Amino acid sequence: MTTKPEENSKSPVPEAPGCNTASKDAILQVRGLRKWYPVNKAVTFFGRDIIGKTDLLKAVDDVSFDVAIGETFGLVGESGCGKTTTGKLILQLEKPNAGNIFFEGEDVSKLSSAGMRNYRSSVQAVFQDPWASLNPRMRVNEIVGEPLSIVTTMTKEQIRKKVGELLEEVGLNEYQANFFPHEFSGGQRQRIGIARALALNPKLIILDEPVSALDVSIRAQIMNLLVDLQDEHNLAYILIAHNLATVRYMCHATAVMYLGVIQEMGETEELFNNPQHIYTNALMSAALPSHPDIDRDEIVLPGEVVSPINPPPGDVFQSRSPLDVDPKHKYASTRPPLVQVGKKDHWVVDTPWSIAPENMKVKLEAR
Ligand SMILES: Nc1ncnc2c1ncn2[C@@H]1O[C@H](COP(=O)(O)OP(=O)(O)OP(=O)(O)O)[C@@H](O)[C@H]1O
Ligand SMILES: [Mg+2]
């Protein structure tokens, strides 16, 4: 099913600081990705509601990163920071306002229709809520086999056989192909979603909160299944998750987002052992276990989460910083670049709060 790429889709991938988190060749390279949604403000004029000025909600703003072949790239950050939107842009469910996505070195926006079909098969997704993402009126055989019946020329019998194999692979049984989604537990339903994502032999799967809707007791089983499948098929994942323990367990590299902008990024263990930015430290301290014997020094950020509508043009984090630094710092009107921390595979935005003072560093021994 490989497609001959168009000549003009092979433009060289621009270098981007902070993107060298991949220890192997990159399968996906995101460069300067931007999604701004126009938001109409309603105003009342002589007692009537009319559409006023259009503002811009900057969901994703100049995001660049690499995902290595067979590795997991994590995206973390508080609710609304643009993680799912980044995933939707990669899945072509949303059109970016600017920026490029390169898959195996080819610019996805310049692919031929056959190239785009190949891309859509190669990049799949598993979402948070398996209940919402499975059609309740379809049997598992149809749900898992649907991508095969749309994209391939396989016969019904061949599809049925393949679905059986996929179900066995994700820890279900072949006979369950005749069941409806309501005949499964939550964890089993997520296994069906994973089997469907695997049907077209993808190279990259976007996992958007794949275990957070599940009971704690089965989260580890699904994570282990995902890790096993990654090893087996050399799959790359983008893992979007709130749970930092999940990210630390699964991700080779991790990026921390705030208000649509990557604030810090690096090889996962380096990032967790040596978080630099005040925001990363605050995020990690909030995730510390609440055990009475543990001194839980949570780093509380002042102020409210800034609205993504018309955010500051320069450093988006400045209004949340607990440091008393002149807000007119050098990147007040332009986005601060990512700079390397030491010689490691570790990058952080160049602002006064990018290197947290000792009293704002998360206490490692408490983890
Ligand atoms: N279609 C849309 N139109 C307008 N705004 C949108 C649209 N989709 C998302 N947004 C906004 O973009 C911002 C980023 O949303 P996104 O869903 O990417 O956040 P997230 O990081 O995935 O959050 P969560 O952790 O809660 O899932 C939010 O402010 C959201 O309201
Ligand atoms: Mg989301």
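This is a predicted model: local features need pLDDT of at least 70, side-chain atom pairs count only at pLDDT 80 or more; totals for chains, interfaces and linings use all residues.
Which residues are around ligand 1? There's Tyr-37, Leu-57 and Ala-59, then a run from Ser-79 through Gly-80, Cys-81, Gly-82, Lys-83 and Thr-84 to Thr-85, and finally Pro-308. Two elements give two or more residues each to that shell: strand 2, residues 48–68, and helix 1, residues 83–90. Helix 1 has the largest share, with three residues.

Thr-85 sits in helix 1. So, is Thr-85 buried or exposed? It counts as buried, because it has 21 C-beta neighbours inside 10 Å, and the cut-off for buried is 20 or more. Leaving out residues up to four places away in sequence, Thr-85 touches Lys-35, Ala-59, Val-60 and Glu-94.

Now let's move over to strand 8, residues 236–240. Five of its five residues are buried, so the strand is largely enclosed by the rest of the structure. Which way do they point? Ala-236, Ile-238 and Ile-240 go one way, while Tyr-237 and Leu-239 go the other.

What does strand 8 pair with? One partner is strand 3, residues 72–76, which pairs with strand 8 in the parallel sense over four bridges. In that pairing, Phe-73 has Ile-238 as its bridge partner. Another partner is strand 7, residues 204–208, which also runs parallel to strand 8 and is joined to it by five bridges. Over there, Leu-207 stands opposite Leu-239. To get from strand 7 to strand 8, the chain goes through helix 7, residues 216–233, and this β-α-β crossover is right-handed.

Last bit, zooming out. The chain has ten helices and twelve strands. Of its 367 residues, 41% are buried. And if you take the contacts with a separation of 6 or more, 69% of them are between residues 24 or more positions apart.

Definitions and conventions. Residues are numbered from 1 along each chain as its sequence is written. Chains are lettered from A and ligands numbered from 1 in the order in which they are written. A residue is near a molecule or strand if its C-beta atom, placed from the backbone, lies within 6 Å of it. A residue is buried if 20 or more other C-beta atoms lie within 10 Å of its own, exposed if 12 or fewer, and partly exposed in between; C-beta atoms are placed from the backbone. Two residues are in contact if their C-beta atoms, placed from the backbone, lie within 7 Å. Two strands pair if DSSP finds at least two bridges between them. A crossover is right-handed if, with the strands pointing away from the viewer, the path from the first strand over the helix to the second runs clockwise.
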